[in-house]
Amino acid sequence: MNSPISISLIAALLKMKCPRCRKGNAFKDTNPYHLKHVGEMYAFCPVCNLNYCPEPGFYFGGAIVSYPLMVTFNLLVSTVFYSITRDIFNHIMPLMITLTIASISIAPVMFRYSRVIFLYFLVRYDKNSKQNNLKLQTPIVSTSL
Ligand SMILES: [Zn+2]
């Protein structure tokens, strides 16, 4: 039976849910600042059984996503810095220190979002994913030959 309420794309992405069912968690530990477990993903979605790592090195593509995320974040931090100081060129060193500290602080979150966004690029939402997955597990009998 389908749930009448479907979680939106943005809400599911922000909560780091599975892109196919939008219900199962992608990461085992929901807190990205537990650094020992920052990269631990489920091998398969606990709800719809989507394979989160279909091939070795799959998440090298996540590095491509993390670059524009970090550039955008650093631009935002620079904008806030500029709005406070109103003069970036005489405050280059404090700006660099601020950007370094902010980037290191946000790195675990960006790491996870880059992986999840990469997954969302490749996997479409399927509101019947659990039922479809169960259908795939039934044995297929071939009548040819
Ligand atoms: Zn799922």
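**View 1. Helix α2 in the predicted model.** Helix α2 covers residues 60–85 and holds 26 residues. From first C-alpha to last, α2 reaches 38 Å, close to the 38 Å expected at 1.5 Å a residue. This is a predicted model. Just after α2, arginine 86 takes a positive phi of about 60 degrees.

**View 2. Glycine 62, a buried position in α2.** Glycine 62 is found in helix α2. Is glycine 62 buried or exposed? Glycine 62 is buried, because 20 other C-beta atoms lie within 10 Å, and 20 or more is the cut-off for a buried residue. Leaving out residues up to four places away in sequence, glycine 62 touches Ser114, Arg115 and Phe118. Leucine 119 is 57 residues from glycine 62 in sequence, yet their C-alpha atoms are 8.4 Å apart.

**View 3. The largest nonpolar core.** This core has 13 residues. Those with the most contacts inside the core are Cys18, Ala26, Cys45, Cys48, Leu50 and Tyr52. Helix α3, residues 92–122, gives the most to this core, with four residues. In soluble globular proteins, nonpolar side chains tend to be buried together.

**View 4. Contacts of cysteine 45.** Which residues does cysteine 45 contact, its neighbours within four places in sequence left aside? They are Cys18, Arg20, Cys21, Gly24, Leu50 and Tyr52. Cys18, Leu50 and Tyr52 are also among the residues with the most contacts inside the largest nonpolar core.

View 5. Most residues other than glycine have a negative phi. Arginine 22, not a glycine, has a positive phi of about 60 degrees. Arginine 22 is found in the loop between α1 (9–14) and α2. Arginine 22 counts as buried, because it has 23 C-beta neighbours inside 10 Å. Asparagine 49 lies in the loop between α1 and α2. Its phi is positive, about 70 degrees, although asparagine 49 is not a glycine either. Asparagine 49 has 19 other C-beta atoms within 10 Å, so it is partly exposed.

**View 6. Confidence along the chain.** The chain averages a pLDDT of 87, and 86% of the residues score at least 70. Where in the chain is confidence lowest, and where is it highest? It is lowest in helix α4 (residues 129–137), at a mean of 58, and highest in α3, at 96. Over residues 135–145 the pLDDT is below 50. Beyond near neighbours in sequence, that stretch has zero contacts in the model. Where pLDDT is low, the predicted coordinates should not be read in detail.

Terms used
Residues numbered from 1 in each chain as written. Predicted model: local features only at pLDDT ≥ 70, side-chain atom pairs only at ≥ 80, totals over all residues. Core = buried A, V, L, I, M, F, W, Y, C linked by C-beta atoms within 7 Å. Buried ≥ 20, exposed ≤ 12 C-beta atoms within 10 Å, placed from the backbone. Helix = DSSP H or I, 4+ residues; strand = E, 2+ residues; numbered from the N terminus. Contact = placed C-beta atoms within 7 Å. Expected span 1.5 Å × (residues − 1). pLDDT = per-residue confidence, 0-100.
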